[in-house]
Amino acid sequence: MNYQQTVAYLFNATPVFEHVGASAYKEGLENTLALDRHFGHPHEAYKTIHIAGTNGKGSCSHTIAAILQAAGYKVGLYTSPHLVDFRERIRVNGEPISEQRVVDFVEQERAFFEPLHPSFFELTTALAFLYFKEQQADVAVIEVGLGGRLDCTNIIRPELSIITNISFDHTQFLGNTLAKIAGEKAGIIKPHTPVVIGEDLPETRPVFEAKAKAEQAPVTFALDKPEVTSSTPRTTGGRDYDTRHYGHLYGELGGDYQVRNTNTVLHALNLLKTKFHITDDNIAYGMAHVVELTGLRGRWEQVRQQPRVVCDTGHNVGGWQYLGKQIAAQPCRQLRIVFGMVDDKDIHTVMQLLPRKAVYYWVQATSKRAFPSAKVAEEGKKAGLNGADYGSVANGYQHALADAASDDFIFVGGSSYIVADFLALNHF
């Protein structure tokens with residue numbers, strides 16, 4: 001098989017959450033442990049940092065990886081989902097795994113793994129852990145796929161655990177209260193291993209405190225003594241930060257929600273500096289060059305000017321509490337929003353968070369889990385939003401661009417898969 005055939009095999013021969021949702025979710029670590037034994041426990045060959053949370057774990061993972069790279073370490077980075085190419089999930093110093101390595105892994109190992117009937121994520125995690133060992137990574141930043149306690153990344157023994165925040169998402173797996181969701185995320189807290197909680201709520205804090213106490217794990221609540229004292233966005237992109245211990249910093253990632261993420265990252269660095277040689281200059285450089293160093297995309301990413309076009313992967317209520325306000329605050333003649341969602345998200349509540357004074361282009365991602373664009377349009381009409389159904393992301397965006405004046409603002413998002421389809425248009 002060539003690379004395209006191999007990726008098609010991975011997507012079609014294994015249950016893929018991004019495609020089919022709940023039926024791809026496997027509770028338990030039996031397959032993960034079997035794969036780990038087969039490959040000789042590769043994650044033990046390098047240090048790890050484990051990051052969970054409802055929102056922000058991708059931005060935090062990439063930022064910490066960038067800072068460690070700036071400090072001279074060889075850094076593995078495992079994240080999900082990918083936007084354009086499967087290889088985005090597995091990187092070393094920002095470089096995606098090679099197409100040939102993916103092909104070889106499947107060809108050489110399928111006789112072992114096929115009888116296990118692993119999920120796509122179980123198999124991908126095994127490949128990532130093995131690849132980081134082969135590449136002799138010093139440290140790997142590992143993003144949880146879903147939840148924490150039963151996620152197949154949870155076999156690692158990290159130097160530091162981070163839980164960015166808790167809000168309602170994937171409630172069919174993680175529970176229908178914030179406390180239950182926190183309990184699942186808290187499953188990554190390990191014995192005697194420090195943990196940073198980026199954001200806590202009255203319902204979630206006791207859960208984290210109890211788990212940390214049971215594991216004798218030192219716990220830091222990042223909002224108790226914020227490292228970020230103020231932040232302002234730059235008109236040219238990115239944000240300026242004033243901080244308690246790191247002076248003035250420029251962050252390349254420009255979303256309003258990055259203020260909380262940056263506060264979480266800086267608290268994590270207070271602890272990581274005791275385990276790695278990281279200077280303040282490394283921190284400043286890594287934060288200012290996250291995209292170049294790690295390949296991160298789709299986080300308040302500006303892809304064109306006149307009209308200004310921004311895309312963002314924010315996809316749930318927690319994300320849109322920030323995005324809705326930031327989009328509405330953009331200076332422009334007319335706000336145009338190309339928008340769609342997938343079917344396990346709270347579309348009704350998100351619709352209430354969308355800017356009122358905008359023209360909407362309702363669309364549908366190519367994912368099988370996508371809400372039909374007609375359904376999105378119906379929900380938009382119920383919410384009193386002005387828009388029309390354009391079907392595909394490409395069609396919606398092309399119409400938005402054709403309608404726009406040079407001083408309009410176009411936003412594309414609502415789901416990672418909307419942004420994936422958008423970036424795959426190859427305009428950028």
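Reader: Hi! In which loop is P81 found?
Author: P81 is found in the loop between β2 (75-78) and β3 (90-92); strands here are DSSP E runs of at least two residues, helices are H or I runs of at least four, and both are numbered from the N terminus. This is a predicted model, where local features need pLDDT of at least 70 and side-chain atom pairs count only at pLDDT 80 or more, while totals for chains, interfaces and linings use all residues. Residues are numbered from 1 along each chain as its sequence is written, and side-chain values use heavy atoms, with hydrogens and water left out.

Reader: Thanks! What kind of peptide bond joins S80 and P81, cis or trans?
Author: A cis one, with omega of about -10°.

Reader: And what about the bond between Q306 and P307?
Author: Q306 and P307 are joined by a cis peptide bond too, with omega at about -5°. P307 belongs to the loop between β12 (301-304) and β13 (308-312).

Reader: Next, N93. Is its phi positive or negative?
Author: Positive, at about 50°, although N93 is not a glycine. You'll find N93 in the loop that runs between β3 and β4 (95-96).

Reader: What volume does the largest cavity have?
Author: About 100 Å³, counted as the space filled by probe spheres set on grid points joined across faces, edges and corners.

Reader: Which residues line the largest cavity?
Author: Its lining is made up of T63, Y241, G251, E252, L253, Q258, N261, T262, V265, M287 and V290. By class there are five nonpolar, five polar and one charged; Ala, Val, Leu, Ile, Met, Phe, Trp, Tyr, Cys and Pro count as nonpolar, Asp, Glu, Lys and Arg as charged, the others, Gly among them, as polar.

Reader: Which helix gives the most to that lining?
Author: Helix α10 (residues 258-272), which supplies four residues.

Reader: And the second largest cavity, what lines it?
Author: T32, L35, D36, F39, P42, E122, T125, A126, F129 and I155 do, around a volume of about 70 Å³. Six of these residues are nonpolar, two polar and two charged. At least two come from each of α3 (30-38) and α6 (120-134), and α6 gives the most, with four.

Reader: Nice, α6 again. Which residues of α5 and α6 meet each other?
Author: From α5 come R101, V102, F105 and F113, and from α6 come L123, L127, L130, Y131 and E134; contact means heavy atoms within 4.5 Å. By class, this contact of α5 with α6 has seven nonpolar, no polar and two charged residues.

Reader: Last one: how many residues line the second largest pocket?
Author: It has 31 lining residues, with T236, G237, W300, Q302 and R308 nearest its centre. A pocket is an open set of grid points with protein on both sides within 12 Å along at least five of seven lines.

Reader: And what is its volume, and how does its lining divide by class?
Author: The second largest pocket holds about 720 Å³ of space. Its lining divides into 10 nonpolar, 12 polar and nine charged residues.

Definitions and conventions
1 Å grid on protein atoms, 1.4 Å probe; cavity = no way out; pocket = protein on both sides within 12 Å on 5 of 7 lines; lining within 4 Å.
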